[in-house]
Amino acid sequence: MTDTTAAEEVSAVVARARAAQPAWAALTVAERVRRMKPVKDRVLDRAEAIAKVVCEEVGKPAVEALLGEALPSADVVQYWTRAIEELLEPEDLELDALAYPGKDATLEREARGVVAVIMPWNFPVALPLRTIVPALLAGNAVVFKPSEVTPKSGAFVAELFAGIVPDGVLGLVQGGGDVGGALCGADVDLVVFTGSVATGRKVAHACAEKLVPSSLELGGKDAAIVLADANLERAANGVVWGAMMNAGQNCASIERVYVEKEIAEEFTEKVRDVVKSLRAGVDFGPLATTAQRAIVARHVAEAKEAGATIVTGGAGEADDAAAEPSRDYAPTVVRVKDDETPLMRDETFGPVLPIAVVDGVDEAIRRANASRYGLTASLWTKDRKRALVLARKLRAGVVTINNHGFTGALPEAPWSGHGETGWGITGSTLALDTLTRPRFVLADRSRGARELWWYPYTPALTAVATAMATLRSSTRGLFARIGALFRLVGAMLARARGG
Ligand code: NAD
């Protein structure tokens with residue numbers, strides 16, 4: 001289904017999901033796994049078709065659609081269908097036997113209910129699946145809203161589950177901001193949102209109004225730091241891929257490079273050569289929308305005005321003046337003087353790699369961290385030990401050493417960020433903290449008439465409780481503890497006599 005959903009129809013889709021969810025959650029986890037395993041084969045069988053739809057809608061190269069959308073999605077299904085049973089297994093918790101005798105405590109994870117999944121256009125298949133798959137396996141119903149730019153990819157995602165999950169368990173609503181807004185305002189238990197900061201704020205407000213939890217994965221302005229001892233060949237190839245993949249329309253794109261001055265010239269030359277070797281239509285495509293291209297062109301123009309120099313690429317004047325708005329923008333490398341322009345501060349989301357020269361690693365880290373975003377960052381150096389120390393100084397949810405950005409495709413790896421990148425965590429077992437809620441169950445085997453702390457409140461009760469606390473947690477040493485033990489026995493006898 002690719003037609004826009006009327007805003008009034010959104011609550012009906014949510015109601016159907018709510019009605020279907022309890023029976024789905026009542027199945028054993030093993031049964032949900034059994035039913036959902038075939039989704040993986042569907043993804044693989046339809047991989048080329050998925051790639052084709054994505055290419056049509058957002059113009060990314062076929063290889064990227066296959067490697068970045070279809071194949072990692074099969075891995076996501078494989079990971080969660082393997083891991084989820086153990087992860088949802090109730091966990092026995094150990095309580096202090098002296099203070100809480102005869103009590104069995106268990107921590108369970110319960111589905112949240114109906115999860116709204118609102119997604120952007122830049123990875124229209126892989127991004128929704130990395131939440132929809134674990135959300136469903138955990139027993140939730142999902143109502144999915146793809147971006148209005150990628151309705152066909154969205155419909156394709158929903159179709160992967162047709163006949164596999166019961167009717168209503170996965171609902172699809174199509175449309176733009178009004179439909180997304182209606183979904184946030186509907187009877188949902190959680191909103192998982194990926195998109196821009198501006199929309200993320202609106203989603204956060206809508207959720208706060210209803211006290212519904214939200215997971216927000218927003219923008220980035222990710223930095224790569226290239227140190228003087230880096231393997232420059234690898235650094236140049238890796239940084240260019242990290243910046244230009246998906247025409248730079250990637251939340252984890254490298255949007256700033258800080259390079260140590262000793263190697264700045266050599267690195268820049270290598271980067272220029274790699275960028276010049278990229279082939280239009282094969283290695284890179286156009287931007288997804290003309291609006292996106294306009295932002296990219298503006299950022300580069302403003303940086304130029306502020307003294308930046310184009311190393312390669314940039315919009316030709318003819319492109320900018322063309323009557324028909326174009327989506328094309330050549331992969332571009334810019335040498336910048338400082339971090340004051342939007343090109344170094346705001347999310348560009350395009351095939352532009354700004355390079356800034358730094359005196360040393362401290363300056364690089366300071367400038368990398370001085371961003372209101374904090375999604376991913378990378379360090380390029382041969383000194384692994386030093387890099388591991390430096391990694392802890394970076395304000396980013398994901399830090400990679402001699403690599404960049406690809407971990408978003410790893411189902412084992414958490415994806416999260418600082419500041420305006422938002423407060424979502426997708427990927428990894430940590431995602432389950434969002435997609436489920438804890439239920440703590442305590443079963444008491446005691447046959448006594450009353451607990452120590454029940455009525456009546458007496459001096460003996462306080463004495464027992466204080467002695468127990470001292471025994472449990474005093475750091476005063478052995479004699480203090482022995483004293484507490486004697487006081488405890490005495491107080492317990494007094495309490496037993498009704499004192
Ligand atoms: P966007 O914010 O314009 O739209 C995202 C989704 O929100 C779309 O489905 C849109 O229809 C919907 N929407 C719009 N208004 C809404 C409202 N008022 N209430 C609810 N939903 C509403 O973002 P985009 O342009 O589609 O995507 C690009 C952005 O996504 C970039 O900023 C990028 O960094 C970010 N992104 C982040 C991650 C991450 O993991 N952190 C991953 C991919 C993309």
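**The ligand and its surroundings**

Modeller: Happy to! The ligand is surrounded by 30 residues, the closest being Met119, Glu148, Ser196, Leu218 and Glu347; a residue counts here if one of its heavy atoms lies within 4 Å of the ligand. Please keep in mind that this is a predicted model, where local features need pLDDT of at least 70, side-chain atom pairs count only at pLDDT 80 or more, and totals for chains, interfaces and linings use all residues. Residues are numbered from 1 along each chain as its sequence is written, and side-chain values use heavy atoms, with hydrogens and water left out.

By class, the shell holds 13 nonpolar, 11 polar and 6 charged residues, with Gly counted among the polar ones.

Now to the polar contacts, meaning pairs of N or O atoms within 3.5 Å. Ser196 places a polar side-chain atom 2.6 Å from an oxygen atom of the ligand. At Gly195, a backbone N or O atom is 3.3 Å from a ligand oxygen atom, while a polar backbone atom of Gly181 lies 3.4 Å from a nitrogen atom of the ligand. On its own the ligand has 850 Å² of accessible area, and the protein covers 89% of that (Shrake-Rupley method, 1.4 Å probe). The elements giving two or more residues to the shell are α6 (126–137), α8 (177–185), β6 (190–194) and α9 (197–210); these are DSSP runs numbered from the N terminus, with helices (H or I) of at least four residues and strands (E) of at least two.

Definitions and conventions: Polar contact = N/O pair within 3.5 Å; in protein donor to acceptor, adjacent residues only side chain to side chain.
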